[in-house]
Amino acid sequence: MRCAVFAATKRGVELALRLKSGLSCDSVELFLKNGRETEISAERFDSLPDAVAEAFRKFDALIFFMAAGIAVRMIAPHLQGKLTDPAVLVADERGRHIVSLLSGHVGGGNALTLRVADCLGGEPVVTTATDVNKLTAPDALAAEIGLRPVPKPMIQVMNGALLADEKIVYAIDTALPRRKFFEEALSARGIPFTCFSAEEAVHAELLTVFITVDDSLRSDRLLSLVPRRLIAGMGCRRGVSKEVLRNALAEACTRIGQTIEAVSVIASAEIKHDEVGLLGLAEDLGIEARFFGNDALREKIDAYGLEESDFVRGKIGVGNICEAAALCCVKEGRMALPKTKWEKATVALVWEK
C-alpha cells in the first residue's frame, strides 16, 4: 500500500519516522507543515485540509498522528464509499493506540492497523462488529485474497447475518479459473465451502457467498466475490531473459499472497515494446503486454505523486516506469506492492479497484 502519514508534534514525527522504516511491502510518505522539523525529508504543506484533499486521491491509506477529531474533519468532505475510499488510521502521539477509522475491510484498514500497531508496539483499535466478534466478514476475506464484493448492498446483509448467527454458505464457481488457489485460500482460513454452478448459486435457498468471475449474478441471498484484475508493472535491463523476469514476477506475487497466474496484464514503458523477455513472459502467461509513452507515464506520476529515479529519468525521460505503467492500465488502482527491485528487474503490483 502507498501510505501518507501526517504528524503534528515532535513525538508524532518520531513515530512516523519509525513507521516509515518499519513497514515492509509498503511505501510510506511523511507529510509535515512548512517550518516544522526542517532537517527531516518530507512532503511539505501550508494547509492541512489542502494536503489531505490531495492525499485522499493519491494514496491507498492515510495515517494521522494527531487527535481523531482533526482527522475526521479533514477527511469528511472527501468520503465517497467503502469500495473506493482509502484506509484511514489515527494514532495518538505516543503510539499507544492505533485506530482503524475508515475502510477497514475492502480498503485494508483493519489489517494495516494491526501492522502499524505491531511496528510501533501499540494497541490496535478495531471497532468493526465482525472483527470484534472474531468473525470473518466476506468483504474482509475478499480484500485479503484479491476479490471484490458485488453488489454492495449485500455486504451489509451478509455481515448482519453473521452477527445474528445465521447460516452462510461459501461456494466456488465450478467454472472459475484458478479455482484451486481459492479453494486453498478458504481451506487455509478454516472456511468450509462447496462448489457449484452460477445457476445453482442464483437459486440457492441459503445466504451464499459465491466466488465467481460473473459479476452480473443477482439474488437477494447472494453476494458474489469477483477476482480483481492484478496489473504487473515491470522495468528491466535490456536483453533480460523471460525466465529471470518470471522469477521476479513470481516472487513479487508471493509477497502479496498471490500466484503469478493472478496477473492480468504486464505493463511497461514504450521503450520496452520490443523487449523479448517481457513479450515472451506475457505470451507464456497468456496475457496482454501493454506499453505506454512518456506522456501517459508522466500523467500517472503526477496524479499519484509517484517517486521518481533520477537515473531512470536520465535514461528515458521520466523517472518511474513500473508503478506508473501499471496504473495506466486501470481507472483507479490500489498499490499491492510498490516498486520492488530485483537484480535485473523492477516490479510493482496494482489491484484494480
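This is a predicted model: local features need pLDDT of at least 70, side-chain atom pairs count only at pLDDT 80 or more; totals for chains, interfaces and linings use all residues.
Q: What makes the pair T212 and D173 a polar contact?
A: The side chains of T212 and D173 are joined at 2.8 Å, and a polar contact asks for a pair of N or O atoms within 3.5 Å, so the value meets that cut-off. D173 is also among the residues that T212 touches, a list that includes L176, L217 and S224.

Q: How do you know whether D165 counts as buried or exposed?
A: The relative accessibility of D165 is 71%, and with exposed set at over 50%, D165 therefore counts as exposed. D165 lies in the loop between helix 7 and strand 9 (168-173), and D165 too is not a glycine, yet has a positive phi, of about 65°.

Q: What makes helix 6 mostly covered?
A: Of the eight residues in helix 6, six are buried, namely P138, D139, A140, L141, A142 and I145. What covers these buried residues includes strand 8, helix 7, strand 9 and helix 8 (179-188), and just after helix 6, G146 takes a positive phi of about 80°.

Q: How do you know that the span of helix 1 agrees with its 13 residues?
A: At 1.5 Å a residue, helix 1 (residues 10-22) should span 18 Å, and because its end C-alpha atoms are 18 Å apart, the two values agree.

Q: Why can the buried residues of helix 1 be said to line one face?
A: The buried residues are G12, V13, L15, A16 and L19, and seen down the axis of helix 1 they fall within an arc of 165°, so they line one face of the helix. They pack against strand 1 (2-7), strand 2 (27-33), strand 4 (61-65) and helix 4 (109-120), whereas K10 and S21, on the other side of helix 1, are exposed.

Q: Why do strand 15 and strand 16 stand at the edges of their sheet?
A: The sheet is open, with five strands in the order 15-14-13-17-16 and mixed pairing. Strand 15 (288-292) and strand 16 (333-341) each have a single partner strand, so one side of each is left without a neighbour in the sheet.

Q: How do you know that strand 13 and strand 17 pair?
A: Two strands pair if there are at least two bridges between them, and strand 13 (residues 230-236) and strand 17 (residues 345-352) have seven, in the antiparallel sense. In strand 17, V347 is the bridge partner of M234. Helix 10 (residues 242-255) packs on this sheet, and its direction makes about 45° with that of strand 17.

Conventions:
Residues are numbered from 1 along each chain as its sequence is written. Side-chain values use heavy atoms; hydrogens and water are left out. Helices (H or I, at least four residues) and strands (E, at least two) are DSSP runs, numbered from the N terminus. Contact means heavy atoms within 4.5 Å. Axes are lines fitted to C-alpha atoms, for helices over the stretch in contact, and angles run from 0 to 180 degrees between N-to-C directions. Buried means under 20% relative accessible area, exposed over 50%, partly exposed in between (1.4 Å probe, protein chains only). The expected span of a helix is 1.5 Å times one less than its number of residues. The arc is that of the directions from the helix axis to the C-beta atoms. A polar contact is a pair of N or O atoms within 3.5 Å; within protein, one must be able to donate a hydrogen and the other to accept it, and residues adjacent in sequence count only if both atoms are side-chain atoms. Lists of a residue's contacts leave out its neighbours within four places in sequence.
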